[in-house]
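User: I am new to this structure. Could you walk me through reading its features?

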Amino acid sequence: MLEVGIHEPDKLVQVAHALSTRSRVDILRLLNTRSMNIIELAETLELPVSTVANNVKILEAAKLINTELLPAVRGAMKVCSRNYDDILISLNSSIRTSKDGMKFYEVEMPIGHYSDCEVHPTCGMASSEGMLVREDEPASFYHPKHVGAQILWFRKGYVEYQFPLEVPQNARIQSLELSMEMCSEAPNYDNDWPSDISVWINGVEIGMWTSPGDFGDRRGTLNPPWWEDWMTQYGLLKTWRVDRERTTLDMQKVSDVTIDDLNLDQRPSLRVRIGVKPDAIHKGGVNLFGKQFGDYDQDLVLQIAYTMDEDTGSI
């Protein structure tokens with residue numbers, strides 16, 4: 001299911017626009033049970049091929065469908081398939097409530113919006129349009145252009161993000177989840193290049209993951225056309241979860257750090273640091289992927305689950 005809400009206004013507008021005409025809705029309906037090429041869609045809908053092709057581009061831009069060029073009798077044909085069975089459009093805030101009364105606060109931080117850093121070569125960053133700064137110059141990480149980064153990399157050091165924590169002061173936080181696409185950092189790429197990547201929250205190290213490599217054996221699903229094949233292509237989606245008993249990484253325990261250890265009363269924000277410690281065994285660097293690089297259409301995603309005391313009410 002695709003969830004899009006008012007906290008992502010650009011994405012909401014794009015999805016709403018894609019659903020704003022009957023012909024595009026009809027295309028999604030036809031793709032309900034099977035993939036179809038553009039000519040098949042045009043014939044079924046009794047529309048010009050050019051009209052269908054334009055509508056397909058709009059649906060593809062909104063990521064409601066995927067297209068793939070396959071060999072045909074003459075040249076190639078574009079085959080379309082639907083990405084989602086359901087689309088949820090929420091006009092509420094970034095806070096939602098589950099059936100059992102648990103409230104969830106979620107915020108997505110663009111990877112270029114770090115608030116502090118200390119990096120060493122190899123290092124650099126790029127947007128979907130091209131390189132943002134000169135490579136292997138740590139000072140460039142302080143350039144204002146860094147907010148536009150969709151991929152960034154460094155061999156040693158860290159980047160740190162300041163996340164807003166917009167939950168009530170009297171909320172009782174039960175768990176915190178942090179997910180991101182990442183991998184090691186090697187010159188060009190090296191699938192066998194381990195790196196011990198640590199994550200800290202409010203200065204507390206919650207766990208370390210040894211990335212097996214800097215992946216480049218195939219192109220990343222979302223990479224822009226200008227990004228060369230010999231460069232880092234994709235990472236792995238990793239999810240840290242801290243609750244009242246332990247910290248897990250992809251559901252496996254990695255430390256005894258609990259919510260109570262994170263000083264979350266330091267609202268209205270919390271600090272997330274990602275990096276490689278100076279005493280790490282494998283100092284293989286870090287690649288972080290944003291929405292327009294790698295395999296996953298997301299930046300850094302933070303989700304807080306909390307409850308409200310009965311005598312304090314709710315938001």
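**Reading the backbone, cores and contacts**

Analyst: Start with a loop. Asn 188 sits in the loop between β10 and β11 (195-201). Strands (E, at least two residues) and helices (H or I, at least four) are DSSP runs, numbered from the N terminus. This is a predicted model, where local features need pLDDT of at least 70, side-chain atom pairs count only at pLDDT 80 or more, and totals for chains, interfaces and linings use all residues. Residues are numbered from 1 along each chain as its sequence is written, and side-chain values use heavy atoms, with hydrogens and water left out.

User: What is the phi of Asn 188 near?

Analyst: Most residues other than glycine have a negative phi, and most peptide bonds are trans. Asn 188 has a positive phi, near 60°. Met 251 also has a positive value, near 75°. Met 251 lies in the loop between β14 (247-249) and β15 (252-255).

User: Which residues does a cis peptide bond join?

Analyst: Pro 121 and Thr 122 are joined by one, with omega about 5°. Thr 122 belongs to strand β8 (residues 116-126).

User: Is Met 251 buried or exposed?

Analyst: Met 251 has 68%, so Met 251 is exposed. Asn 188 is partly exposed because its relative accessibility is 46%. Phe 215 has 9%, so Phe 215 counts as buried.

User: What is Phe 215 in contact with?

Analyst: Contact means heavy atoms within 4.5 Å. Set aside neighbours within four places in sequence. Phe 215 then touches Cys 183, Tyr 189, Asn 191, Thr 232, Gln 233, Tyr 234, Gly 235 and Leu 236. Phe 215 is in the loop between β12 (204-211) and β13 (236-242). Phe 215 and Met 251 are 36 residues apart in sequence, and their C-alpha atoms are 23 Å apart.

User: How many disulfides are there?

Analyst: A disulfide is a covalent bond between the sulfur atoms of two cysteines. The rule here asks for a pair of cysteine sulfur atoms within 2.5 Å. By this rule the count is zero. For Cys 183, the nearest cysteine sulfur is that of Cys 123, 15 Å away. Cys 183 has a relative accessible area of 0%, so Cys 183 is buried.

User: Which residues touch the most other members of the largest nonpolar core?

Analyst: A nonpolar core is a set of buried Ala, Val, Leu, Ile, Met, Phe, Trp, Tyr and Cys residues joined through side-chain atoms within 4.5 Å. The largest has 50 residues, and those touching the most other members are Val 159, Tyr 161, Phe 163, Leu 270, Ile 274 and Leu 288. Strand β10 (residues 171-183) gives the most to this core: six residues. Another core, of 21 residues, lies apart from it and includes Val 4, Leu 31, Ala 42 and Ala 62.

User: At what angle do helix α2 and helix α4 pack?

Analyst: Axes are lines fitted to C-alpha atoms, for helices over the stretch in contact, and angles run from 0 to 180 degrees between N-to-C directions. Helix α2 (residues 22-30) and helix α4 (residues 49-61) pack at about 75°, with axes 10 Å apart. So α2 is roughly perpendicular to α4. The scheme is: under 35 degrees roughly parallel, over 145 roughly antiparallel, 65 to 115 roughly perpendicular, the rest oblique. Ser 23, Arg 24, Ile 27 and Leu 28 in α2 meet Val 52, Asn 55, Val 56, Ile 58 and Leu 59 in α4.

Terms used: Buried < 20%, exposed > 50% of the residue type's maximum accessible area, 1.4 Å probe, protein only.
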